[in-house]
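Please read them beside the sequence and the coordinates.

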Amino acid sequence: MSGEDFSNRLDAAIQRGRQRGLHEQAAAKQEAMSEEELRHLHSSYRLSLSDRIEKAVAQLASHFPGFQTETLFGEKGWGAACGRDDLSMERGRRTNRFSRLEMTIRPLNEYMVLELKGKGTVSNKEVFNRSHFVDLTEADLSEFERLIDAWVVEYAEQFASRT
C-alpha cells in the first residue's frame, strides 16, 4: 500500500466520521425536539382532560348532598376528587362510612403515555381502581372524555345503590 493511498483513505475516513458526527448531532437534536413536542402535547391533553374531570366530578357531587370536591395536582397527577364521610348510629355504636371518587391524568413519564387513573370507594368498599393509558402519539381525546364520563356515571350508580 502506497503512502499516498493510505493518506487518501485516512482523509476519507476522517470525512466520513465528521459526516456521521454531524448526522448523529442532527438526529439527537430532532429527538430532543420531538421529546419537547411530546411534553407540550401531554400538557395540552392534561389541561383539557383535567378540566373535563373537574366538571364531571363537580356535577356528580351536586347530585349527592354532603360531597366535598377538591382539585388534585402534583406528582400523582392532575384532576379532581369528591368524597364524604357518613356517620350513623347502629345499635348504640357509631359507624363511619367513607365514600370517594378520584380521577387524575398522570404526569408524563419515560414511556411517553397519556394515562387516566380512577379510583372509587363507596361506604368503605373499593368499587373500582382503574388505569387507562395509550401511547401519547396515538391518544384520542374523545376516548378519554368518554371514559371520564363513563367512570363518573358508574360511580354515581354504585353510590346510589349502596346508600
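1. The model is a predicted one. On that basis, helix 1 covers residues 3–63, and A61 lies in it.

2. A61 has a relative accessibility of 11% and therefore counts as buried, the cut-off being under 20%. Leaving out residues up to four places away in sequence, A61 touches F67, T69 and C82. As for I105, it is 44 residues from A61 in sequence, and the two C-alpha atoms are 20 Å apart.

3. F6 is also placed in helix 1. At 46% relative accessibility F6 counts as partly exposed, because that class runs between 20% and 50%. Together with L10 and I14, F6 makes a nonpolar surface patch of about 270 Å².

4. Strand 1 (residues 68–72) pairs with strand 2 in the antiparallel sense, over five bridges. Q68 has G83 in strand 2 as its bridge partner. The two strands form a hairpin with five residues between them, and G74 in the turn has a positive phi of about 140°.

5. Strand 2 and strand 3 also run antiparallel, joined by 13 bridges. One of the pairs is D86 with R97 in strand 3. Their hairpin has two residues between the strands, and R91 in the turn has a positive phi of about 50°.

6. Strand 4 (residues 113–122) and strand 5 (residues 125–135) pair in the antiparallel sense over ten bridges. E115 stands opposite F133 in strand 5. This hairpin has two residues between its strands, with S123 taking a positive phi near 50°.

7. Which residues of the largest nonpolar core touch the most other members? They are I53, L101, L114, L116 and Y155, in a core of 31 residues. Two or more core residues come from each of helix 1, strand 2 (78–90), strand 3 (93–105), strand 4, strand 5 and helix 2 (141–162). Helix 1 gives the most, with eight residues. In soluble globular proteins, nonpolar side chains tend to be buried together.

8. L116 deserves a separate entry. Neighbours within four places in sequence aside, L116 is in contact with I53, T104, I105, R130, S131, H132, F144, L147, I148 and W151. I53 is another of the core residues that touch the most other members.

Key: Residues numbered from 1 in each chain as written. Predicted model: local features only at pLDDT ≥ 70, side-chain atom pairs only at ≥ 80, totals over all residues. Heavy atoms only, no water. Helix = DSSP H or I, 4+ residues; strand = E, 2+ residues; numbered from the N terminus. Buried < 20%, exposed > 50% of the residue type's maximum accessible area, 1.4 Å probe, protein only. Contact = heavy atoms within 4.5 Å. Patch = residues over 30% accessible without salt bridge, like charges linked within 9 Å, V, L, I, M, F, W, Y side chains within 5 Å. Areas by Shrake-Rupley, 256 points an atom, 1.4 Å probe, with all protein chains shown as cover. Salt bridge = Lys/Arg side-chain N within 4 Å of Asp/Glu carboxyl O. Pairing = 2+ DSSP bridges. Core = buried A, V, L, I, M, F, W, Y, C linked by side-chain atoms within 4.5 Å.
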